[in-house]
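Please look at the sequence and the structure before reading on.

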Amino acid sequence: MDSVPVDPLVRRHRLALNLCFAIPGVSLATWVTRTPDVRDSLGASTAEMGLVLFGMSIGSMLGILAAGGLVARRATRPVIIAGMALVLAGVGVVALGTGVSAALLVACGLLLIGAGAGLSEVASNVAGVHVERQMGRPVLPAMHGCYSLGTVVGAGLGVAGAAVGFPVPWHLALVLLLMTALFAYAIPGLRPGVGGTRTGEATAVRERRLYLDPRLLLIGGLVFGMTLAEGAATDWLPLLMVDGHDMPPGLGSLVYTGFAATMAAGRFAGGPVVTRFGRAKVLGVGALLTAVGIALVSFVDNPALAGCAVLLWGLGTSLGFPLALSAAGESGPDTAGRVALTSRIGYVALLAGPPCLGFLGDHNGLRAAMLPVLALTLMSAAFSPATSPRPRKAIPGPRPQQARADEERAS
């Protein structure tokens, strides 16, 4: 039950945001689960696939860097719509590039997906924090759960397509139709949101001040480590299982589906856990669970155990990003700017970090390439106390009668 009455328009806005989180999840999981087939179609090596993935890295950097300023100038709604349109266009270009075996075209499609995801998801996170305040309760974990649910749907479709050998271009085309229908349903429910009031100069000054906030930088470091762990699984987990643990492609994609499902379950069910144990403890334990999962996948030469360890990896990372965003929004004034900056750090790690792992994997194997990710998740565990709520100042009030009597006797 909601703690305060909620305007139906706010509920409709929340539903639209849920869909705008889910759609990029569907597109990315569809891509990930078909990467072995795309690699074979392109005839690319691991290093060459890393170069293809840099298309998404470049796009994500452009979208993420532009998102905060665009939200400040234009408000969240137009930024979300523009970003989602780029995601849909990118999926179409990737389908075309795969069909004609053109690696450059696939990279361009990934660039569009990355740019669109960067724009829409940063703006959606800012809008989500605003909805939290309007509804009087946390909603960001569930919104990110919708992203994970989208990855489960996309991964399930990908596993089915890979199992029956369905052509990747036609698979992507059908998924594109599904995402377009969902987005068309979401658009009318999107409200103007927040932003749209600052000049470019005022936005730049505020951002420079935020970069000097030590607590916000610690939260950013935590986000970087946790989202890199999520991105590493998103981009490389099927190939890691296939190349690192000799699994067949269908089983490797199924392991990724388990990762995505565990993340979705953790995000939808995490609210009561956070309420009972506190945000900082949940984030610290989650980072340690992630580290254990990555360590088992990297060091233990047992495919069955590695598949089970992936579930720890997914559960540990599930609440990292949404809880850190809530902590960033509460860390000081200018909530929208703080959430935008923290989102930017997270999406840089999520989308730009994993391609770099491809170069490490080409020389040392993908299992060894996960070791820097392991180190950064341990760093995130160390930074988790920074997400504790700020202590409230005690409000002076009348002293208890016994205390006054004791003071009078002492005097």
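The model is a predicted one. Ala75 lies in the loop that joins α3 (46-74) to α4 (76-99).

The backbone at Ala75 has a phi near 80°, which is positive although the residue is not glycine. In general, most residues other than glycine have a negative phi.

Ser101 belongs to the loop between α4 and α5 (103-135). Its phi is near 55°, again a positive value in a residue other than glycine.

Is Ser101 buried, partly exposed or exposed? With a relative accessibility of 41%, Ser101 counts as partly exposed, because that class takes in values between 20% and 50%.

## Helix α6 and the residue after it

Helix α6 covers residues 140-164, which makes 25 residues.

Directly after α6 comes Gly165, where phi is positive at about 70°.

## Packing of α3 with α5

Two packed helices are described by the angle between their axes and the distance between those axes. For α3 and α5 the angle is about 30° and the axes are 6 Å apart. The two helices are therefore roughly parallel, since angles under 35 degrees fall in that class.

The crossing of α3 and α5 is right-handed. The residues in this contact comprise 20 nonpolar and six polar ones, with no charged residue.

## Packing of α9 with α10

Helix α9 (residues 214-245) packs against helix α10 (residues 249-277) at an angle of about 150°, with 6 Å between the axes. How do α9 and α10 run relative to each other, and which angle class applies? They are roughly antiparallel, because the angle is over 145 degrees. The crossing of α9 with α10 is right-handed.

On the α9 side, the contact is made by Glu230, Ala233, Thr234, Leu237, Pro238, Met241 and Val242. On the α10 side, Pro249, Gly252, Ser253, Val255, Tyr256, Phe259, Met263 and Arg267 take part. Sorted by class, the contact holds ten nonpolar, three polar and two charged residues.

Ala16 sits in helix α1 (residues 8-33). Its relative accessibility is 0%, so Ala16 counts as buried.

What does Ala16 touch, leaving out residues up to four places away in sequence? The partners are Ala186, Gly189 and Leu190. The C-alpha atom of Ala16 is also 7.9 Å from that of Tyr185, a residue 169 places away along the chain.

## Arg34: a buried arginine

Arg34 is in the loop between α1 and α2 (35-42). With a relative accessible area of 3%, Arg34 is buried, as the value is under 20%.

Arg34 touches Gly158, Gly161, Ala162, Phe166, Val168 and His171, again leaving out residues up to four places away in sequence.

Note on methods
Residues numbered from 1 in each chain as written. Predicted model: local features only at pLDDT ≥ 70, side-chain atom pairs only at ≥ 80, totals over all residues. Heavy atoms only, no water. Axes fitted to C-alpha atoms, helices over the stretch in contact; angles between N-to-C directions. Helix = DSSP H or I, 4+ residues; strand = E, 2+ residues; numbered from the N terminus. Parallel < 35°, antiparallel > 145°, perpendicular 65-115°, else oblique. Left-handed = near helix turned anticlockwise from the far one by under 90°. Contact = heavy atoms within 4.5 Å. Nonpolar A, V, L, I, M, F, W, Y, C, P; charged D, E, K, R; others polar. Expected span 1.5 Å × (residues − 1). Buried < 20%, exposed > 50% of the residue type's maximum accessible area, 1.4 Å probe, protein only.
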